[in-house]
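Me: Hi! Could you walk me through this one? I'd like to start with charged pairs.

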Amino acid sequence: MNNQVNEYIENAPQEQQEIMKIVREIIHNSVPKVVEEFKWSRPIFISTKDFANFMLNKNDVTIGFTKDYEKLNDHNKILEVTGKTTRHIKLKKASGIDGDLLKDWFKVIKTN
């Protein structure tokens, strides 16, 4: 675990802290040998390459998928456009996290 990521989470409002802790745990439980870094003012998760990040916003936490997002199974069309090579979802409450979906997505995107 990266100390800068710990600090980022600890300085967030309670609801966003809970969201980030859950997502972080999902990442670590589904991606072997994941590495955390703090770049571009946010936590970045790396396997063989950067594959995900999260960012604190006023009312939510944005979970970003940095590459190969087109390989994600997005039947519910929840991925939003961030730029040419990134897609994201916004999580407003910890109770709204679909852990199984995120686990599948993290496994797919980190291996491509």
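Reply: I count a salt bridge when a side-chain nitrogen of Lys or Arg is within 4 Å of a carboxyl oxygen of Asp or Glu. This is a predicted model, where local features need pLDDT of at least 70 and side-chain atom pairs 80 or more, while totals for chains, interfaces and linings use all residues. Numbering starts from 1 along each chain as written, and side-chain values use heavy atoms, without hydrogens or water.

Me: OK, how many salt bridges come out by that rule?

Reply: The count is three. One of them joins R24 and E36, whose closest N and O atoms are 2.7 Å apart.

Me: What does the R24 and E36 pair tie together?

Reply: R24 belongs to helix α2 and E36 to strand β1, so the bridge links parts that are 12 residues apart in sequence. Helices (H or I, at least four residues) and strands (E, at least two) are DSSP runs numbered from the N terminus.

Me: Are R24 and E36 buried or exposed?

Reply: Both R24 and E36 are buried. Buried is under 20% relative accessible area, exposed over 50%, partly exposed in between (1.4 Å probe, protein chains only).

Me: And which residues are in the salt-bridge network?

Reply: E37, K39 and D50 are linked there. K39 meets E37 at 3.7 Å, N to O, and K39 also meets D50 at 3.3 Å. D50 sits in strand β3 and K39 in strand β1, so that bridge connects parts 11 residues apart in sequence.

Me: Nice. New topic: in what order do the strands of the sheet run?

Reply: The open sheet has six strands in the order β1-β2-β3-β4-β6-β5, with antiparallel pairing. At its edges stand β1 (35-39) and β5 (80-81); each has a single partner strand, so one side of each has no neighbour in the sheet. Two strands pair here if DSSP finds at least two bridges between them.

Me: How many bridges hold β1 and β2?

Reply: Five, in the antiparallel sense. K39, the residue from that salt-bridge network, has R42 of β2 as its bridge partner. The hairpin of β1 and β2 has two residues between the strands, and W40 there takes a positive phi near 55°.

Me: Let's switch to A12. Where does A12 lie?

Reply: A12 is in the loop between α1 (3-10) and α2 (14-30). With a relative accessible area of 7%, A12 is buried.

Me: What does A12 touch?

Reply: Leaving out residues up to four places away in sequence, A12 touches Q17, M20 and L56; contact means heavy atoms within 4.5 Å. A12 and L56 are 44 residues apart in sequence, yet their C-alpha atoms are 7.4 Å apart.

Me: What about Q17, buried or exposed?

Reply: Q17 is buried, at 12% relative accessible area.

Me: Last one: which residues are in contact with F65?

Reply: Skipping neighbours within four places in sequence, the contacts of F65 include F51, L72, L79, L102, W105, F106 and I109. R87 and H88 are also among them.
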